[in-house]
Amino acid sequence: MSVPTIPKIGLIVGSQRVPRACLQISEMVLKTIQDTNQSATISLIDLLEWDLPMYNEPGVPSQITSVDQYVHPHTRRWSKEIASYDAFIFVTPQYNWGYPAALKNAIDYLYNEWKGKPAMVVSYGGHGGGKAAAQLKQVLYGLRMRPIERAVELMFPDREYLVKAATGKSLGLLSDVEGQDKVWSEERKHIVESFEELLTSLSQPGDK
């Protein structure tokens, strides 16, 4: 897989729930990376904005090799969007030990557009979302993507914070107040380290 001088990376906001914390957390992940690394272009891909219906293509994604083979305009748009990126960061909550149906649905629309591309997983929840992250990585392997070994787990610090997240209130994740302790300060370091691993993976041959 040829890699451009400046890789294009899609950061997928993996929850459509309203209210939700996923967009705030995704924006924090984006800012954390951009504050330390300017070697890639990163764009948010918000599944709430895409609002894909439940998979309704008659074809089998793994057998589709051209965007023109998709029947529906929304699938063609989604295919072109995903095909335009070199790698992905998935940000996902954990629901009942799994990741959201909306994210699985968005993934299952395509196959060859994902295949061979590196991926990084950031999960969050009352216990960090590790079970959701593990399930998601299994699916990414099934797509013959290349998820990096390190997964970032963001555990809500207390029940009050969890309730704020569940009700869509501000989590103060982008605060720049000098001297103010940031939530997930250690985990932010892990985000940066994982992103560097993602970039390293991009320089290695992919399975296309």
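Buried means under 20% relative accessible area, exposed means over 50%, and partly exposed lies in between, as computed with a 1.4 Å probe on protein chains only. The views show a predicted model, in which local features need pLDDT of at least 70 and side-chain atom pairs count only at pLDDT 80 or more, while totals for chains, interfaces and linings use all residues. Residues are numbered from 1 along each chain as its sequence is written, and side-chain values use heavy atoms, with hydrogens and water left out. Helices (H or I, at least four residues) and strands (E, at least two) are DSSP runs, numbered from the N terminus.

View 1. At 6% relative accessibility, Trp184 counts as buried. Trp184 belongs to the loop between H6 and helix H7 (185-202), and its phi is near 60°, a positive value in a residue other than glycine. Tyr161 is located in helix H6 (residues 159-166) and is likewise buried, with a relative accessible area of 8%. Contact means heavy atoms within 4.5 Å; leaving aside residues up to four places away in sequence, Tyr161 touches Phe156, Leu171, Leu173, Val183 and Trp184. A separation of 45 Å lies between the C-alpha atoms of Tyr161 and Ser66, which are 95 residues apart along the chain.

**View 2. Helix H5 and its two sides.** Ala132, Ala133, Leu136, Lys137 and Leu140 are the buried residues of H5. They cover an arc of only 135° around the axis, so they are on the same side of H5; the arc is that of the directions from the helix axis to the C-beta atoms. Gln138 and Gly142, on the other side of H5, are exposed. The packing partners of the buried residues are strand E3 (87-93), helix H4 (101-108), strand E4 (118-125) and strand E5 (146-147). Just after H5, Arg144 has a positive phi of about 60°.

**View 3. Leu136 within H5.** Leu136 lies in helix H5 and is buried at 0% relative accessibility. Beyond residues up to four places away in sequence, Leu136 touches Phe90, Thr92, Tyr99, Leu103, Ile107 and Val121. The C-alpha atoms of Leu136 and Arg146, 10 residues apart along the chain, are separated by 12 Å.

**View 4. The contact of H4 with H5.** The axes of H4 and H5 come within 12 Å and cross at roughly 5°. H4 is therefore roughly parallel to H5. Axes are lines fitted to C-alpha atoms, for helices over the stretch in contact, and angles run from 0 to 180 degrees between N-to-C directions; angles under 35 degrees count as roughly parallel, over 145 as roughly antiparallel, 65 to 115 as roughly perpendicular and the rest as oblique. Leu103, Lys104 and Ile107 of H4 meet Leu136, Val139 and Leu140 of H5 in this contact.

View 5. Most residues other than glycine have a negative phi, and most peptide bonds are trans. Val18 and Pro19 are joined by a cis peptide bond, with omega about 0°. Pro19 sits in the loop between strand E1 (8-13) and helix H1 (22-34). Asp51, in the loop between helix H2 (47-50) and helix H3 (73-83), has a positive phi near 45°. Asp51 is exposed, with a relative accessible area of 53%.
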